[in-house]
Amino acid sequence: MTLPPAGRRWRIGIDVGGTFTDLVAVPGDGTSWSLADAVTHKVPSTPHDPSEGVETGLAQLLERGIAVEDVAAVAHGTTIGLNAILQGRVARAALVTSAGHRDVLQIARARMPRSFDLHASPGRPIVPREHVLEVAHRFAADGTAVGGLGADGVDDAELARLVARLTELAPEVVAVSLVGGYAAREAEQHLADRLAAALGVPVTSAAAVWPEAGEYERTTLALLDAQITPLMTGYFTALRERLHRLRVDARVYITTSNGGSVSIESAMRRPVQTVLSGPAGGVSAAATAWPGTDMVTVDMGGTSSDIGVLRGGRPVLTTTATVGPHPLMTPVVEVSAIGAGGGSVISADRSGARPVLRVGPASVGAVPGPAAYGAGGTQPALTDAYVHAGVIDPATFLGGTFPLRADLATSALAGVAEDLGEGSADDAAEPDGVVDAALRVASVGMAARLRTVLAAHGEVPERYTFVAFGGAGGTHAALLADEVGVRRVLVPAAAGTFCALGAAIAPIRRDVARTVRTVVAERNLDALTTSAAELEREVLDWLRTQDVAATGTVTLSADLRYAGQPTTLEVVLAERSTEADPAEPLRLAVEPVLRRFADQHEKVHGFTDATAAVRAETLRASVSVRLGEVRSGHGGATFVKTGARDVRYDGTPRPASVHALADDGEASVTGPAVIEKADTTVLVPAGWTATTDDGGNLHLVRDSAGSENEEG
Amino acid sequence: MLTTVEKDVAHTRLQAAVEEMCLTLRRASRSLYVRDAADFACAVADLSGRFVAYPQDVGVSGFVGLDLTPAIEAATAIGPLAPGDVLLTNDPYLSGGLSTHLPDVHAIAPFFDGDELVGYGWAFVHVSDVGGRVPSSVSVLNDSVFAEGLRIPPLRYVRAGTVVPEVEAILAANSRTPEANRGDLHAMLAALDTGRRRVGELTADLGPAGFADVGTFAREQSAARARSALRTLADGTYRFEDYLDNDGVSSVPLRVVVTATVDDGAVHLDLTGTDPQVEAALNMVTFGRAHSWVVTRLFALIGTLDPAVPLNGGLMDVIGFTAPEGTLLNATGTAATGVRHATTSRVNDVVSGALVQAAPEVLPAASSGLVVPVVFAAADGSRVDVVEPMVGGTGARFGADGADGRDSGISNLSNNPVETVEANVSVRVLRYALRTDSGGAGRWRGGSGLELEFEALTDGGLLARGLERLRFRPWGFAGGRPGALTELVVNEGRPDERRLSVVDVHPLRAGDRVVLRTSGAGGYGDPLERSESAVLADVAAGLVTVEAALEAYGVVVRDGAVDVAATATERTGRSVSSGERITRSVSGERTGGSVSAEWTGRSVSAERTHSLGPERERWERVFPSALADRLDVYLRTLPTTTRAARRREVLGGVLAGLPERFPGVAASEEELVAAERTFAEAVAAVPGAGATPASATA
């Protein structure tokens, strides 16, 4: 890899994974650049203190020729909040809620995880019942206080009683979430402030975190935020100290679950916004690298494959994501697991009338890993199937740094053939048969889930481009594409460090929301406009604290529904530049909003209702500032043939050419072929053609795609 | 001939197809039932009429075992099915048991490969209203299917791809919500189109014969897995019975009886002895065949033992069923069926009660056993809103407490956020919480019931269909105690307090307060064997009071800690626990089928294993099983429509000599002796009383 040019300003993205900490430096001076300009680096992760690996990696990256004073910004994605929640290593919290609603966490939304399971258990609530205290305060839907409120909202005797009981419980953090609190933010905050003053521990008001109706979801969000605050504050403080030691005094940004990033100060104040940032990173990278394109990201790692959806280059967000069993009502990038990863176990399932082959859900894990790793593993994984099939060359795996044992892969596969036994003598009695079946079972299983995920949005896969990354993404993507009728696959240059790239180039972004519950009509327009303008001011005020020079966009939107309808659709009300003249007041108009809602409703639900009133439930504002542009054009890099071997990916051995990226070679490669890169192996099946661009990205196109081959 | 791999991946594709159908339906629908309650489903059947692929986790799971054949035969009797046809039906009788009550509208589309019929797409939706006496069509007080709305026999709603306008006109004219219904029906058509397209892609690859192979393969795989799961149950014959609070038209309870025979991985349920069909909407139409909706507890058992079993019609291969004509579970003629979920909920309890004897470490004690959508209706009838769909908890089982305040036994419903309710309905929710001291005590505690208290902010009406367990407790097992009874009270503690047991539409004034406390689930094992720390944890959490800890568990809690010495005295001081005896008998029973005879008699099984609670013990002292069985044999000799009234007459005569709220209150010994005699004499006087109860017709 070439040394970076001196004197350039850099943004450094850092993604801490379970095994490796990935670092990517990209030009950070706001100019357009190509992915080939990115400098990548990888160091082992340090789970006991992830900031240690960050420091080591950053120091090594700087040694490769990036002057410390040229670092414009460091953007960091971390999963420590997520892991703390999943493993229950969180601060001891108490919850204060309204009288009669102590079981808001225990009852939750009342559903059991499975219907046909007599042993189903809803799991333990996020805070045990004995740490939930009731207070008389609560509010009606319009924010008026009902039940035991003094003039300033807090009754002294009630407060004293509450403080006494909280002191007894001695929690490390407290959340206050009152019924109706979303409509009475100041009153709830006032109670939280008085409790904090009396107790001397952090007290979070749920309405301050996210003032949207839905007491269970809002309470959970506030508790998650409160519970990880001490840990995250400690981590971010340590991180800042380590950066300081390296004399990096650049701004530090933390990636967030909505596909954006925020200043480290913002992240410390509201750490819950970071918990699902990991999977969002890859989706966010695709959004920046190929704006305007309809894409499905396929991140195929060791244990599973995850997909994200981008419509017109915008990540599809969801407000129904979960962290373990806990709901997250804030908008986050929707990422769904669709099936097997490279480490998924291939096995014979003998539970039915006839034995059948399964891929996953168990994984061989990093240790011992697939049989071919030669680390003692005897269960074959999907990676072993790639090796036996000739798709992965044992000698050149990961650029030859990690030689594999094909014989071990084959004998492990033979074990499965034996397990399948008589019953399957017709199709999978040999390792070859097992490989054919495993690739097909994995592809069809992933295809089925992918179709279902898209169907939930009213979409079908055919018009999407796959963006494949993760260790096995490029290996399996074209097979999956063939299964679902996708005709274009992109394998990004930095496929192995794509999430770190996502951190480096994620826009600065913040979402806010407020329940409004208003009929969209002329008579309510002033009130709606006032609320929207307040939300706009909130995100713009926030943006000023983020220290970014570039201009961005504020998107104002509303969750709308026909009166009496159970579900809402988010409809954009207005998009405004962050540089809009503050004196220029926000103007909304009823008619275009109703028309947009009707159009969207027709598309998603297949009907409109001109007679029904349209209600706005929740108003939303989102500010997003993009940091520079990624250039991506055809031409430039080429392929050279490095060999030939037989590969089998569809039940028949096929002679395939093997290629690497190099200067002055062929412009394209026609399948069946294999393209070997340092971080992944890309299979080009028959009927597909691969080209590359000046960013080092691979473009696989199914031949029948005709004239639609141009990428965005 | 397809290889196993080809059949398996084809089935995966078919599975994705039915899930895509469901998502298509949900997107296109506009009714609360579909979006919120997920009261819909889609599937694909092969020519057997049984489903070969069924959604694993979208929509209603309980219809996986439906058989399309009778409905299809009824339609083809009029003329052959052609490509582009879609059948519609909602009538339990005319559809051969496909639909279980009129609001469930089912659609069937034949799928063709060229001219050759290969299978069927299926969808159903609980539509908002199909006419009838009351808004939303369902009330327990409906006395015949004619009061429940429009009956649609299997007919062509779509012919050659075009909706038949005359049919659409009749449907629209017979609903209070014609537009919403039309939206739901068209949503089903969209789902069937999706299914037709995906099955078309499959048959293009596989051909009709290949598609048939895939169906057979999938059903055989699931049947084999179900069989291996059920083989873990001890072979034998097990009997259990339980009660519905009343028959809808009087205070006389209804008895549900099952005799379950487990034999090498197959289970036969014989419902003989269950009471005659009634003149209220509690009846279930099965035509005497194993009906999916009646055997969901067995699906749940299979799913517990083999969580990954693919859902399809193959599950029915291991299930047998008997129910005599004219009874609650094989209603005939024109009996009303709207609230059949209350009855099938009790079937779940008796199936559990029987099979817990065959697998005491797998099946739980009784769950709370009720689903009550608590509804507030505006005084002018302009709005009808669910405040909360109320359930209770799940029963305790060997090794684990039950779940508090949640139960997916009949349907896995979501609740409504209180903040959404208060924004849309004229009520203030004062309390929505777990109910203290409601879960049956046991070594493992039964799940707590729920408590919902709300204040009406305007005048209006209260509806609460499916209200159950006000009179007979959810039973405990192996020494575990039964759960607390349901209570529904208006203005509790005020001079105008009203305690309600049957609700059609109960008027409310602004300021009235309604509290519903749902029953707790049954406990498992001797409460004296519950660990002190578990009792203390329940006390600390406030789910068990200090008083109940002492009374039920013999644990003395003082100042937030267990008084170890006082507890030891308390626990050892109590008489030899029945739990010990039960533990022995349970483990002896599990050795095999040879002891089954001992377990078929109520006197052995019910007393030694299930704790039924004082109400039921009082009831059964007066109306013992053996006599009730004999009465049932006689009732079945009468014309179907007269049986319920005759039974009411016989039992009513006995109850006349007992306190009004019996068995909720104790009667004097003299009253009991007299009542026992009256009933025995009444049974002895019926023709053919000497015959043995025909519970073993299987």
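Is the crossing of α12(A) and α13(A) left-handed or right-handed? It's right-handed, and view 1 shows it. This is a predicted model, in which local features need pLDDT of at least 70, side-chain atom pairs count only at pLDDT 80 or more, and totals for chains, interfaces and linings use all residues. Residues are numbered from 1 along each chain as its sequence is written, while chains are lettered from A and ligands numbered from 1 in the order in which they are written.

**View 1. Helices α12 (residues 431-455) and α13 (residues 473-484) of chain A pack at an angle of about 60°.** Their axes (lines fitted to C-alpha atoms over the stretch in contact) sit 9 Å apart. That angle makes α12(A) oblique to α13(A), oblique being what remains after under 35 degrees (roughly parallel), over 145 (roughly antiparallel) and 65 to 115 (roughly perpendicular). Among the residues of α12(A) that meet α13(A) are L439(A), M446(A) and R451(A); on α13(A), look for L479(A) and E483(A), among others. By class, this contact has eight nonpolar, one polar and two charged residues.

**View 2. Chain B meets chain A through 60 residues of its own, against 59 of chain A.** Contact here means C-beta atoms, placed from the backbone, within 7 Å. α1(B) gives the most to this side of chain B, with 14 residues.

**View 3. Residues 576-607 of chain B have pLDDT below 50.** pLDDT is the predictor's confidence in each residue, from 0 to 100. Chain B as a whole has a mean of 91. Where pLDDT is low, the predicted coordinates should not be read in detail.

Methods: Contact = placed C-beta atoms within 7 Å. Helix = DSSP H or I, 4+ residues; strand = E, 2+ residues; numbered from the N terminus. Axes fitted to C-alpha atoms, helices over the stretch in contact; angles between N-to-C directions. Left-handed = near helix turned anticlockwise from the far one by under 90°. Nonpolar A, V, L, I, M, F, W, Y, C, P; charged D, E, K, R; others polar.
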